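I open this notebook to record, step by step, what I looked up in one structure.

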Amino acid sequence: MDRIHIRGGHALKGRLPISGAKNAALTLLPCALLTDEPVTLRNLPRLADVDSFGHLLNQLGVSTMIEGARPEDFGRVMTLRAGRVTSTEAPYDIVRKMRASILVLGPLLARAGEATVSLPGGCAIGNRPIDLHLKALEAFGAVIEIAAGYVRASAPDGGLPGGSYTFPVVSVGATENAVMAAVLASGTCTLNNAAREPEIVDLCNLLVAMGADIEGIGTDRITIHGKDRLHGATYSVMPDRIEAGSYACAAAITGGELELVGADAEDMQAILAALRETGVEVTTSKTGIKIASHGKLRPLSISTAPFPAFPTDMQAQFMAMLTLADGASVLTETIFENRYMHVPELARMGADISVNGRTAVVRGVEKLTGAPVMATDLRASMSLILAGLAAEGETQVNRVYHLDRGYERLEEKLSAVGADIERVSDG
Ligand SMILES: CC(=O)N[C@H]1[C@@H](OP(=O)(O)OP(=O)(O)OC[C@H]2O[C@@H](n3ccc(=O)[nH]c3=O)[C@H](O)[C@@H]2O)O[C@H](CO)[C@@H](O)[C@@H]1O
Ligand SMILES: C=C(OP(=O)(O)O)C(=O)O
C-alpha cells in the first residue's frame with residue numbers, strides 16, 4: 001500500500017494547476033446514459049473515482065474512449081456512448097466503494113424506465129442515507145421498492161409523469177439524481193429547496209447542451225420540462241473549487257505564495273472570504289487566484305452549510321491550517337455528524353483541538369511535529385498533508401487511496417512548487 005512522506009517546513013512558491021472538479025465529474029459522467037449519442041467530457045480529472053465511475057458505466061453498456069492522454073498532462077478527454085443500455089443494475093461491489101454510484105439511479109430510470117441500485121450504506125463521515133433521492137423520484141411518479149439491500153425504481157410506460165418536490169434539507173446528490181431523472185419525463189418536474197452548488201450548475205449546463213429544458217439553474221427552485229430525447233454534446237468539466245481551496249490552505253500554512261491556475265473565484269467566495277479573514281492575501285484574476293501568506297494567521301469562526309456558505313469539504317483543511325493560528329478558532333460542522341476523524345491524528349502532530357458534538361475549538365500552537373498518521377476519508381487525508389507540509393520533521397500519511405479519489409497527482413503538483421514530498425510504495 002502506498003504512503004506519502006513529507007519533510008515539512010518549506011514555503012510553497014509558484015504556479016499550481018487546478019484540475020477538473022471530482023464532484024462535477026461524478027454527476028456529468030452518468031449523463032451519458034441519457035442519450036444514444038456520444039457525450040464528450042473535457043478536463044476530466046484523472047482520479048480513482050472517475051475510473052471507478054467509468055467501469056460502472058461500462059457494465060451498464062456505455063462505451064468509454066479516452067483521447068490522446070499524454071502522461072505529463074493533467075486531465076483528459078473522454079467520449080462516452082450509451083448506444084443501448086444493456087444492464088440497469090449497479091451492484092453492491094461497486095456502489096460500496098464509491099457512494100456517487102447512486103447517481104446512475106435517475107438517468108437509468110429516465111432512459112430505461114427502471115433501475116436497480118445497491119443501497120450505499122454509511123461511510124466514515126456519517127450515515128448518508130438516500131431517502132431524499134427516493135422521495136424526489138417518487139414525487140415525479142416513480143415506483144420505488146427496497147429489498148435485499150437494493151433499491152428498485154420503475155417508471156410508468158411513457159416515462160415519469162412529473163410532479164413537484166420540496167426537499168426538507170438541502171441535498172446535492174438528491175438534487176442531481178432528481179434533475180437527471182426529470183429531463184426525459186413526459187411532464188414538468190419542480191424541485192424546491194434544491195441544492196445550488198456550482199457542480200449542480202455544471203450538471204444543468206451539460207444537460208441544456210444536450211437539449212434539456214431547465215429553468216432556475218443556480219437557484220433553489222429548479223423546473224424541468226421533460227423532453228422526448230436528448231442528444232450528444234461536448235462539455236468541459238468546471239475547475240475543482242475544493243482542490244483549489246485545499247492548495248490555498250497549503251500556501252497559507254507554509255507562509256508561501258501560490259498562483260492557483262484555472263481556479264474560479266466566483267465559485268469560492270466563502271472559502272476566499274475565510275482565507276482573507278485569517279490575514280492571507282487573496283488576488284483574483286481571469287486566469288486564477290493568487291494566495292500570499294505573510295506571518296501568523298489570525299483565528300476564525302466558521303460554520304459549514306450548503307452553498308453559497310462555507311463547504312463541509314473544506315472543514316478539515318481549514319482546521320489543519322488553524323492549528324498554527326495566533327489564538328483560538330471555532331469550527332462547527334452542520335452537514336455530516338462524524339466529520340472530525342482527522343482530529344486525533346492532528347493531535348498526534350501536536351495540535352490542540354477539543355471537540356464537543358458538532359463544534360471543534362482549535363487553539364493555535366507554536367509548531368506541529370511530523371509523525372506517522374492515518375486518515376479515514378478524503379479531506380481528512382488532505383488535512384494531514386497540510387499539517388505535514390508545515391510540521392517540523394517527517395510526516396508519513398498512510399492510506400493514500402483516499403487522496404487518490406480526489407486529488408490528481410497531488411505529490412507531483414506539490415513538489416513542483418517546492419514541497420519535499422514523495423510517494424513510497426511497499427511494492
Ligand atoms: C460526489 C459528491 O458530490 N459529493 C458531495 C455531496 O455529497 P452528497 O450528495 O452525498 O451530500 P448531500 O448534500 O446529499 O448531504 C447533505 C446532508 O443531507 C443528508 N441526506 C442526504 C441525502 C438523503 O437522501 N438524505 C439525507 O439525509 C446527508 O446525510 C447529509 O447530512 O455533497 C456533500 C455536501 O456538500 C459533499 O460533502 C460531498 O463531497
Ligand atoms: C465527501 C466527499 O466525497 P464523496 O461524496 O464522494 O464521498 C468529498 O469530496 O469530500
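Predicted model: local features only at pLDDT ≥ 70, side-chain atom pairs only at ≥ 80, totals over all residues.

**Entry 1**

I found 20 residues of domain 1 in contact with 16 residues of domain 2. On the side of domain 1 that touches domain 2, helix 13 (residues 401–406) gives the largest share, four residues. I then sorted the residues of that side by class and noted seven nonpolar, three polar and 10 charged.

For orientation I wrote down the bounds: domain 1 covers 3–18 + 239–424, and domain 2 covers 22–236. Taken over C-alpha atoms, the centres of the two domains are 30 Å apart.

**Entry 1. Ligand 1**

Which residues are closest to ligand 1? I counted 21 residues around this ligand, and the closest are Asn-23, Leu-132, Ser-171, Val-172 and Gly-173. Helix 1 (22–28), helix 5 (131–139) and helix 6 are the elements that give two or more residues to this shell. By class I recorded 11 nonpolar, seven polar and three charged residues around ligand 1. Ligand 1 lies between domain 1 and domain 2, because both domains give residues to its shell.

I next consulted the UniProt record, an unreviewed entry, which lists Lys-22 and Asn-23 under "binding site". Lys-22 lies in helix 1, and Asn-23 lies in helix 1. Are they buried or exposed? I noted that a residue counts as buried if 20 or more other C-beta atoms lie within 10 Å of its own. Lys-22 has 25 C-beta neighbours inside 10 Å and therefore counts as buried. Asn-23 is buried because 25 other C-beta atoms lie within 10 Å.

I also listed the contacts of Lys-22, leaving aside its neighbours within four places in sequence: Pro-45, Leu-47, Asp-49, Asp-240 and Gly-406.

Asp-131 lies in helix 5, and Leu-132 lies in helix 5. Asp-131 counts as exposed, because it has 10 C-beta neighbours inside 10 Å. Leu-132 has 19 other C-beta atoms within 10 Å and so is partly exposed.

Which residues does Leu-132 touch, not counting those up to four places away in sequence? I found Phe-167, Ser-171 and Ala-174. Ser-171 is also one of the residues closest to ligand 1.

**Entry 2. Helix 6**

I then checked how far helix 6 (residues 172–182) is covered. The helix is mostly covered, with 10 of its 11 residues buried. Among the buried residues are Gly-173, Ala-174, Glu-176 and Met-180. Gly-173 is also listed among the residues closest to ligand 1, and Ala-174 is touched by Leu-132.

**Entry 3. Strand pairing**

I turned to strand 3 (residues 39–44). Strand 3 pairs with strand 5 (residues 76–81) in the antiparallel sense over four bridges. Val-39 has Leu-80 of strand 5 as its bridge partner. Strand 3 also pairs with strand 14 (residues 233–236), in the parallel sense and over four bridges. There the bridge partner of Thr-40 is Thr-234.

Lastly I traced an open sheet of four strands, whose order is 6-7-9-8 and whose pairing is mixed. Strand 6 (89–90) and strand 8 (143–147) are its edge strands, each pairing on one side only. Strand 6 runs parallel to strand 7 (residues 114–118), joined by two bridges. I noted Thr-116 in strand 7 as the bridge partner of Glu-89.

Terms used
Residues numbered from 1 in each chain as written. Chains lettered and ligands numbered in written order. Buried ≥ 20, exposed ≤ 12 C-beta atoms within 10 Å, placed from the backbone. Near = placed C-beta within 6 Å. Nonpolar A, V, L, I, M, F, W, Y, C, P; charged D, E, K, R; others polar. Domains from an automatic or database assignment. Pairing = 2+ DSSP bridges. Contact = placed C-beta atoms within 7 Å. UniProt positions renumbered as here; feature names shortened; annotations may be inferred.
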